[in-house]
Amino acid sequence: LKYIARRLGFYLLAGWSALTLNFFLPRLMPGDPASALFGRFRGQLSPEALDALHETFGLTDSGLVGQYFTYLGHALKGEFGISIAYFPTPVFDVIGKGLIWTIYLAGTALAISFVLGSLLGVAAAWWRRGWVDNWLPPVFIFLGAFPYFWLAMLALYFFGFTLGWFPLGHAYGDDLTPSFSFVFLSDIVRHSALPIGTVVIVTLGGWLLTMRNTMIAVLGSNYFGLALGKGLSPTRVVFRYAARNALLPSITGFGMALGFVLGGSLLTEIVFSYPGQGYLLVQAVQNQDYPLMQGIFLVITLAVLCANFLVDLVYLWLDPRTRDSEE
Amino acid sequence: MSRRPTSRSEILAWWETVRRDRKARVGAGILVIFVLIGVFAPMAFEDPNALVGIPLQPPSSAHWLGTTGQGQDVLAQLVVGTRVSLAIGFAVGLLVVLVGALVGITAGYFGGRVDAVLSLVFNVFLVIPGLPLAIVIAAYLPTGPFTLGTVLVITGWAWNARVLRAQTLAQRKRDFVAAAVVAGESNFRIVTREILPTMTSLLVAQIIGSTVYAIGAQVGLEFLGLGDISTVTWGTNLYWAQNDAALLIGAWWTFVPTGLCVALVGFGLTMLNFGFDEMTNPKLQQERVWRRYLIKLGISPARYTPVARDHV
């Protein structure tokens, strides 16, 4: 329990750091941030919009400390101001619409690649120097060297444009209205197959190699030999005894990989004009929509922190040693 | 105080690694080719931004890799982009490790409260997702290579700091460091003369790894339009390919060559790292010795599960 409390404290601190960073970034801009930022929009935006902008950044007449607390209060209530690109929709609503797609895309891709990669890693370690072990690691190391979004472009060109097997973009067809019908859900799967596929291909190799290397060490351990010697079935021994222990380093890496996979899936979204956070982020960059940009940054960071905390809980469950150790 | 191997003999040892290990040889070969391209090939092209032909022409004898959506020569842009992208990549890779080493070694060496604070800082940086942070920072700064470098260093140093802290912590407990402390040597001298030399291979591996990161992240950010889109780099080439909707017209030649170059450089660097790892990691070296031994005895090592043998 002490462990949980400490991790929770750490993530709260990390979340607060992100919030604070977010507050100071506009103020670190070279020159006078307010005039530099608003000068660009003068004439383009109505006075109300400018007021909304001021409000977002807490650029009120009170001192820096006052501004900071006003900002924190707003952020905790989920008020990130008004989006410029989607004026006059509040940033919170714009992000909310895209969030579900990003979670679906990145979550599914991460799950598939983790499970598949780890299983292949087990296979590679078990049949060492067999064809899985000889061929898959180098192939996936090579594939992993490609930029995500470039593989996405290639997949889109090849499977979408040339062969026409998959749609060229968006989350679902224009002629469909969102519902829980079979037609609609299968359309979503069809639209997401290519983006998910590219993320899986790029990230699979990492899980495979981690799992393979730790599995090899575990396969040489005494308790593994004992379990086999007792006459337990090999499948049971491999999965219940060896894989469970070999999974620990992968789980540790999971938290770290999360931010990385998310970054990659954001770029992939852009290539497929998938209506998630990545696509919004580009819209924000192109329109210099700072409130939206910062809102997305905060939401993604908070999501990653929550997921990391969940990973810690899973680790706690998998590795009893963390339960009573002080470290 | 015993003399450590001089840096000269270490360079020789690395050269030996590259010569002997197949992976390292492949990696080094790819890298050398790209560096040569980056240094010399741009001289053969006058202005990569010059409009030389009809837009979106497929590869031909006049333009070996075709033309872009604006009628520029793809090959010229690729070659000039190689120079800029590699230069930024290597510089950032080096800087990232430098910052990481400074923080990590300080934390590991001094321990106590210094360590607690610094560890907290890099752990926080590790959990904050890098790409969104990079985008937000880059959007606020004026575009250009300097901004790009700064952003990449800010989002990339933490991992190196963490690894180097752990390594320093382990070295700090060793006898020769304790002896140096008792001998009254200054902290600076102990770190630079006693601890750093034990980590050279790790540092090299980190510089290579960070360069891979720097090139990938740089291309990603520029692809988003956060670089200086008027300069020619790999990232901006891909940005224009996407923006001119080259993909939807089927103009594969505008983005395929650039992506292949990014991947090849990344692959080469990774291979080089694996090669070094195999030569400098005692466990992997043992495995190799053991395999040779088995082969000598006439036993196939193929089905043999390697185990770390501490007693060998």
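Along the sequence, chain A runs α-α-α-α-α-α-α-α-α-α-α-α-α. That is 13 helices and zero strands. What you have on the screen is a predicted model, so please keep that in mind because local features are taken from residues with pLDDT of at least 70.

Some totals for chain A. It has 327 residues, and 51% of them are buried. Of the contacts with a separation of 6 or more, 73% are between residues 24 or more positions apart.

Now one helix. Look at α11 of chain A, residues 277–286. How many of its 10 residues are buried? Eight are, so the helix is largely enclosed by the rest of the structure. Among the buried ones are A:L280, A:L281, A:V282 and A:V285, but A:Q277 and A:Q283 are buried as well.

What do those buried residues pack against? In chain A, they pack against α5 (91–126), α10 (234–271) and α12 (290–318). Chain B contributes its own α5, residues 130–140. Just after α11 of chain A comes A:Q288, with a positive phi of about 50°.

Last, a residue in chain B. B:Q77 sits in helix α3 of chain B, residues 74–110. Is B:Q77 buried or exposed? Its relative accessibility is 7%, and the cut-off for buried is under 20%, so B:Q77 counts as buried. Leaving out residues up to four places away in sequence, B:Q77 touches B:P48, B:N49, B:T68, B:Q72, B:V232 and B:N237.

Terms used. Residues numbered from 1 in each chain as written. Chains lettered and ligands numbered in written order. Predicted model: local features only at pLDDT ≥ 70, side-chain atom pairs only at ≥ 80, totals over all residues. Heavy atoms only, no water. Buried < 20%, exposed > 50% of the residue type's maximum accessible area, 1.4 Å probe, protein only. Helix = DSSP H or I, 4+ residues; strand = E, 2+ residues; numbered from the N terminus. Contact = heavy atoms within 4.5 Å.
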